[in-house]
Amino acid sequence: MPDDVSEVAAASADSAPAIADRTPAFEGLRDRQLARLGVPDAMLSEVRALRDDAELDAMQARLPVEAYEALFLYLAGESYEQLVLDRETSAEPVDAEDFAKALNRPDSQARFVVVDDEMELETMLNAPLERWRVFLHPSQRRLAERNWNGPVRVLGGAGTGKTVVAMHRARWLARNAPGDGRTLFTTFTRNLAADIENNLKTICSPEEMARIEVANLDRWVVRFLRGRRYESRIVYGRDRDSWELALDQRPSDLDYASAFYRDEWERVVLPNGVTTEAEYRRVSRVGRGTRLHRAARVKVWPVFEEYRAQLAERGLKEVDDAYRDAAALLSQDRTGVDYATVLVDEAQDMGAQAYRLIRAIVPPGPDDLFVVGDGHQRIYGRNRVVLGRCGIEIRGRARKLRLNYRTTRQTWSWATGLLAGCSIDDLDGGTDDNSGIKSLTLGPTPQVRLLETRDEQTSALVDWLKALRDRGEGLRSACVVARTMKERNALATDLRNHDLPVFVLEPDRLDDREKEGVRLATMHRVKGLEFDRVAIASVNNGLVPLRHAVFSRGDEAGRVAAETEERVLVYVAATRAKKELLVFSHGEPSPFLTGL
């Protein structure tokens, strides 16, 4: 590892300006302050000479772990005062004879865990990798295990442990929350909710689990509305027949394509809860590329009014409208809804109506909402959300995780390069970027292989997988990712034809770690998972980005947003890799690969 670190640092230094032209990175700290952050006296002058994080990385192997992490976090923007507080809170005096107390300290738990007996040791050694994601770094622990006086938002790039922090938050609340108040742990997809519930059971007692309900939001809404004898059936996406009839109401003197009306419905009407023409005349359309003055809005509105009327005739309701109705019902009657806290994972995948409902589910107060997410992983086409406009005030309680535990530094650099120049939001009206996030592990540079034919791609994948198997690695630790289900299925057939075992991850099917075989998944399905080795296949022009997803948008602003979503999908797939990332294309490569 020291040699690898030195090589990375040397490469960075070669492209940097001359040292004489740069200010020392820790010029603002005195020697005694550096010592309080864990820097040994013998290394003070060496640390003082550092100019940037690349030079700090070159010292990583020789610095104490706590010193390196504190110095990195300082460069990333953490205050000296907070770093000292974290260090000294975890560095309380320890009785040398009291091993149990020593090992229970946060800084000890950041390094290792002690098992109590041989059976527990055997269970852990044989457990799948997911079971190991249960320990907290001190910087994570201070977010999860404390009282907050209102809603909290935690951002963090892929691999920074957001879900783990949220799970430990749920356990802490189950142990420490007063009274009988329960915690609702919700997220966007069913698969992720099931994964979270399974992982919670590995760290929580049955008594603690009894105080935690895990459900994706749509499932919770369906159950709640059924209990209120709600008559409409929820549909996900537009009902085609109703929509076609609604489009008959388009004004003849406005030359807008049908894609414009679809985007207007999905990006203006639904997320803003617009139900009347008067509301539509006033609603903000920021982010829409096509201007629409008030007189034109009056002419356009009948399309949306007719669509809702057609849905009503069929007993249907789109999900955002169902969220709005559920929130209204809660404002009238909270019977049976006794949650003290709502935890939200993958927060970026939920829209404004979902957050207004979440705000209605739990009354405002201490420890009421804990929201974790990352706008860099928004893959479901949702509008940007401003939590403050949904009644969720996070001022003073916005935090960010900066240590990446999963993705190697080389893979992280490649993946974040995909999003260079893309505008990413922070879920509350500001912007977010991945600068200041540090991967703590090193690995090989991602391989990008531009091949001529599909057969060449298949041969390369087969050779790679057979080499893994020959080295004794189980294929279940590898995943081949594709943009669409059709392409995923074609890849599965290609691999099966070469006698390789395949396990396809379907949208409604959890991964069974007991089953052998390389995993096959779409870019959407692989979200929330991790594998030692990942190959993203068929990164071809027209498929990545998916041509229809981009060019079906009604205006240029929509197409830019769609291309960003396509880049995010590749970023998500790449950051599933813990040790190795390969990227394959055949024929004409995706424009996303240019320059990476």
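## Helix H11

Of the 15 residues in helix H11, 12 are buried, so that this helix is mostly covered. The model described here is a predicted one. The buried residues of H11 are Lys162, Val164, Val165, Ala166, Met167, His168, Arg169, Ala170, Arg171, Trp172, Leu173 and Ala174.

H11 reaches 21 Å from its first C-alpha to its last. At 1.5 Å a residue, the span expected for its 15 residues is also 21 Å.

## H11 against H12

Two packed helices are described by the angle between their axes and the distance between the axes. Helix H11 (residues 162–176) packs on helix H12 (residues 190–203) at an angle of about 55°, and the two axes are 10 Å apart.

On the H11 side, the contact is made by Thr163, Met167, His168, Ala170, Arg171 and Arg175. On the H12 side, Ile196, Asn199, Leu200 and Ile203 take part. Sorted by type, the residues of this contact are 5 nonpolar, 3 polar and 2 charged. Met167, His168, Ala170 and Arg171, which belong to the contact, are also among the buried residues of H11.

## H15 against H18

H15 passes H18 in a right-handed crossing.

H15 contributes Ser242, Trp243, Leu245, Ala246 and Leu247 to the contact. H18 contributes Val303, Phe304, Glu306, Tyr307, Gln310 and Leu311. The residues of the contact between H15 and H18 divide into 8 nonpolar, 2 polar and 1 charged.

## Helix H16

Helix H16 covers residues 258–269. Its 12 residues should span 16 Å at 1.5 Å a residue, and because its end C-alpha atoms lie 15 Å apart, the model agrees with that expectation.

H16 is mostly covered, with 10 of its 12 residues buried. These are Ala259, Phe260, Tyr261, Arg262, Asp263, Glu264, Trp265, Arg267, Val268 and Val269. The buried residues pack against several helices, namely H15 (240–247), H17 (277–282), H18 (294–313), H19 (319–332) and H25 (556–574), and against strand S5 (316–318).

Note on methods. Residues are numbered from 1 along each chain as its sequence is written. This is a predicted model: local features need pLDDT of at least 70, side-chain atom pairs count only at pLDDT 80 or more; totals for chains, interfaces and linings use all residues. Side-chain values use heavy atoms; hydrogens and water are left out. Helices (H or I, at least four residues) and strands (E, at least two) are DSSP runs, numbered from the N terminus. The expected span of a helix is 1.5 Å times one less than its number of residues. Buried means under 20% relative accessible area, exposed over 50%, partly exposed in between (1.4 Å probe, protein chains only). Contact means heavy atoms within 4.5 Å. Axes are lines fitted to C-alpha atoms, for helices over the stretch in contact, and angles run from 0 to 180 degrees between N-to-C directions. Ala, Val, Leu, Ile, Met, Phe, Trp, Tyr, Cys and Pro count as nonpolar, Asp, Glu, Lys and Arg as charged, and the others, Gly among them, as polar. A crossing is left-handed if the near helix is turned anticlockwise from the far one by less than a right angle, and right-handed if clockwise.
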